[in-house]
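I opened this notebook to record what I looked up in the model, going from the sheet to the helices and then to the core.

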Amino acid sequence: MARNLARILGGCGSLVPFMKTPACPPRNSSSIPPARTLVQMLFSKSRDFSLPNSSWGEEMMRLYEFYNGQSDVETEGEENQGREWKRLPSYNRSLKYATGGVYLSKIIQSKARLFTRNIREPGAAFEYVLFINKEKERCVCVFQAGHLLEGPPGHVHGGAIATMIDTVTGTHASAISAPVMTANLNIDYRSPIPLGSTVLIESTLEKTEGRKLYISCKVTSTDGSKRHTDATALFVSISVAHLLKG
Ligand SMILES: CCCCCCCC/C=C\CCCCCCCC(=O)SCCNC(=O)CCNC(=O)[C@H](O)C(C)(C)COP(=O)(O)OP(=O)(O)OC[C@H]1O[C@@H](n2cnc3c(N)ncnc32)[C@H](O)[C@@H]1OP(=O)(O)O
């Protein structure tokens, strides 16, 4: 299942064989990238945004190392090491493999990118890493909120918090039953989140009913002493055809 999610979450490099035309056709020869750049575009490995970068603060690094130390490292063809958690890689494309259809094909060839992984400046916006427990009952996300996410002065915008809750619960639901879409999201904002701080976002699978997955979520300070946000979410499993309607 985790491998299945990793496949869906995979990066844009692997889309290339499925594309009939270049992602951004050049208007004239002067806009053709140099050969070295083309080689990099075709063969470089997509950036995994869930790995540490220079913007991660002390608390972000401490928690990353804490959960990563309890996580299996995925290696091709090797047995799991039996640890409790697994880090979920994260790329700036939400789809790895095109499944056909003109609408989807247009999206893939467009500039569309996964919202939370769109801002390339390290530390500017959504810095996060997600871990899922092996039984998939729980996910934990370590989130550091950058300056572009300001809402009330010095604090994180409520929409940015909602985005992260949707991302964590949505990734959790996808790991259980991909693909899914958010049908309902309820949020109680209890205390503001200081900009630049690191918080924990934890999701729990409450129940499944046919195609419906009910997930609860809380955002707390990293020591658990402060409750920032509570949420509940309903996800519905969809067929890929649902996304092809346009
Ligand atoms: C190939 C794709 C792969 C994707 C994989 C991604 C991998 C992860 C990648 C990157 C990680 C980032 C993760 C981010 C996650 C973000 C997710 C979003 O933000 S999604 C965007 C916002 N959501 C919408 O735009 C939905 C719009 N709504 C719909 O499309 C439909 O309404 C939908 C799919 C939700 C349901 O439509 P129906 O036709 O399939 O099914 P019906 O029959 O209406 O509902 C099914 C059941 O759900 C209940 N239901 C539906 N909506 C409900 C609601 N709002 N409240 C309560 N119940 C509801 C119904 O009553 C029904 O229940 P009964 O089976 O009869 O018991």
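I began with pairing: two strands pair if DSSP finds at least two bridges between them, and the strands (E, at least two residues) and helices (H or I, at least four) are DSSP runs numbered from the N terminus. The model is predicted, so I kept in mind that local features need pLDDT of at least 70, that side-chain atom pairs count only at pLDDT 80 or more, and that totals for chains, interfaces and linings use all residues. Residues are numbered from 1 along each chain as its sequence is written.

**Entry 1, the sheet.** I found 6 helices and 8 strands in the chain, and the 8 strands form an open sheet of mixed pairing in the order β1-β2-β3-β4-β6-β7-β8-β5. At its edges stand β1 (71-72) and β5 (180-189), each with a single partner strand, so one side of each has no neighbour in the sheet. I then looked at β7 and β8, which run antiparallel and are joined by 9 bridges; Ser-216 has Thr-232 in β8 as its bridge partner.

**Entry 2, the helices on the sheet.** I noted that α5 packs on the sheet and touches β2, β3, β4, β5, β6, β7 and β8, with its direction at about 140° to that of β5. I also noted that α3 lies across β1, β2, β3, β4 and β6 and runs at about 160° to β4. For these angles, axes are lines fitted to C-alpha atoms, for helices over the stretch in contact, and the values run from 0 to 180 degrees between N-to-C directions.

I took a nonpolar core as a set of buried Ala, Val, Leu, Ile, Met, Phe, Trp, Tyr and Cys residues joined through C-beta atoms within 7 Å. The largest one has 39 residues, and Leu-130, Cys-141, Met-164 and Ile-201 have the most contacts inside it. Its largest share, 7 residues, comes from α5. Leaving aside neighbours within four places in sequence, I listed the contacts (C-beta atoms, placed from the backbone, within 7 Å) of Ile-201, among them Cys-141, Met-164 and Val-219.

Outside four places in sequence, Leu-200 is in contact with Val-140, Val-142, Thr-220 and Thr-222.

How values were computed:
A residue is buried if 20 or more other C-beta atoms lie within 10 Å of its own, exposed if 12 or fewer, and partly exposed in between; C-beta atoms are placed from the backbone.
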